[in-house]
Amino acid sequence: MSLTFQGYRRPNGEVGIRNHLLIIPTVICSNQVCNRIQQLVPNTVAIPHQHGCSQIGADKDRTFDVLAGTGKNPNVGGVVIVSLGCEVVDPIRLADEIRKSGKLVEVFDIQSVGGSVKAIQHGVQLAQQMRAKLDAMTKEAIPFSELKIGVKCGGSDATSGLASNPALGVAADALIAEGGTVVIGETTEIIGAEHVLADRCRTAATADDLYHIVNRFEKEVERMGADMRGGNPSPGNIAGGLSTIEEKSLGCISKCGTAPIEGVIEYAEPIQHGGLYFMDSPGNDIECVSGMAAGGAHLVCFTTGRGTPTGSAVIPVIKITGNRICAERMADNMDVDVSGMLEGTVSLQEAGKQIWDEICGVSDGRLTKAEVLGHAEFSINRIGPSL
């Protein structure tokens with residue numbers, strides 16, 4: 001019998017483990033109005049950002065895709081889009097794209113409504129009406145085969161590669177064994193170990209795709225006249241005992257378990273169902289998690305040895321550490337402590353079971369520390385210049 005969790009079945013058949021009402025600004029100029037609506041209407045979340053204007057080409061498209069993908073994330077039940085009225089992101093097109101998922105969507109612009117105060121009042125009214133509809137929705141039993149999780153590391157130290165990452169790999173394998181989906185990202189964090197992941201790709205074409213995104217990133221770094229060693233490993237990584245990019249990467253890739261890689265997808269691209277996938281994304285914590293959320297992940301398991309409090313606007317982020325000092329010092333932020341692995345009191349399989357149990361509980365509605373503390377970070381990865 002398949003394991004199940006209680007989730008919200010969406011009109012398009014997708015499943016949510018949360019039922020957010022999302023307030024989306026199409027442009028930085030709408031941020032304050034969105035923030036005030038979020039503050040005035042309980043159980044809503046806003047995603048302020050600095051984009052949506054003076055962008056061209058692929059960069060403009062990326063902003064649109066991330067906003068649309070975040071709105072379509074299955075953890076979102078309804079969306080209110082707030083436009084200024086003159087930005088490059090088309091609010092009507094954005095609303096139409098999100099409506100393809102069958103969600104409730106409302107859209108208006110500040111200029112037409114008559115300024116910030118009237119826009120806040122209008123937005124609050126729309127949000128209250130939509131929130132009431134969402135609150136009437138009920139949950140149902142959902143098999144874990146429909147769950148999609150991202151695996152991420154940040155603020156890494158020597159304990160990450162030795163304990164928390166391999167333990168997360170065990171949990172990742174457990175979900176895939178149930179028919180579920182795992183996505184790993186951070187292209188910058190596999191450099192020096194890309195050949196190890198390439199050997200795990202299901203097909204030669206997928207391996208070529210993996211090498212392509214690594215080479216593309218390295219060429220971009222060269223074009224900028226920069227040196228990867230200037231920022232990776234980071235000063236915090238080095239202070240935590242990591243010495244080289246290769247050492248960091250070998251520890252990083254262990255968090256995705258042992259399953260074959262089924263495909264390589266672009267940043268914020270929809271994540272397919274079943275098995276392990278690689279998403280081309282930066283190592284930057286919030287940009288990476290935001291890309292996974294836009295791709296449709298339900299939650300992210302985030303390992304850290306030095307500690308980081310960040311969460312996500314629409315998906316729960318489970319914080320896992322293999323560092324006893326971090327677990328005690330940042331107890332407010334850590335959800336799972338597997339430091340017993342390095343003390344000889346917990347086996348790899350037992351540590352993986354701890355993480356799996358947390359995934360099950362959070363999928364079933366239990367709040368993560370980041371959710372309790374209100375961490376709802378959001379950021380869009382840039383490509384090109386601003387005009």
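How exposed is Lys353 in terms of relative accessible area? Lys353 is partly exposed, at 45%, where that label covers the range between buried (under 20% relative accessible area) and exposed (over 50%), with a 1.4 Å probe and protein chains only. A few notes for you follow.

1. Ground rules. This is a predicted model, in which local features need pLDDT of at least 70, side-chain atom pairs count only at pLDDT 80 or more, and totals for chains, interfaces and linings use all residues. Residues are numbered from 1 along each chain as its sequence is written, and side-chain values use heavy atoms, with hydrogens and water left out.

2. The partner of Lys353. Its side chain meets that of Asp357 in a salt bridge, 3.0 Å from N to O; the term means a side-chain nitrogen of Lys or Arg within 4 Å of a carboxyl oxygen of Asp or Glu. Asp357 is partly exposed as well, at 36%. Helices here are DSSP runs of H or I with at least four residues, strands are E runs of at least two, and both are numbered from the N terminus.

3. Glu371 forms a salt bridge with Arg18, with the closest N and O atoms 2.9 Å apart. This one links distant parts of the chain, 353 residues apart: Glu371 sits in helix α15 (residues 369–373), and Arg18 in the loop between β2 (15–16) and β3 (20–25). Arg18 is buried at 7%, whereas Glu371 is partly exposed at 22%.

4. Other charge pairs. The whole structure holds 19 salt bridges. One of them joins Glu343 and Arg324, at 2.7 Å between the closest N and O atoms. Glu343 lies in helix α13 (residues 340–343) and Arg324 in helix α12 (residues 324–329), so this pair ties together parts 19 residues apart in sequence. Lys152, Glu186, Lys255 and Asp285 are linked in a salt-bridge network.

5. The nonpolar cores. A core here is a set of buried Ala, Val, Leu, Ile, Met, Phe, Trp, Tyr and Cys residues joined through side-chain atoms within 4.5 Å. The largest has 47 residues, and those with the most contacts inside it are Ile149, Leu210, Ile355 and Ile359. Helix α6 (residues 158–177) gives the largest share, 7 residues. Apart from this core lies another, of 36 residues, including Leu22 and Ala268.
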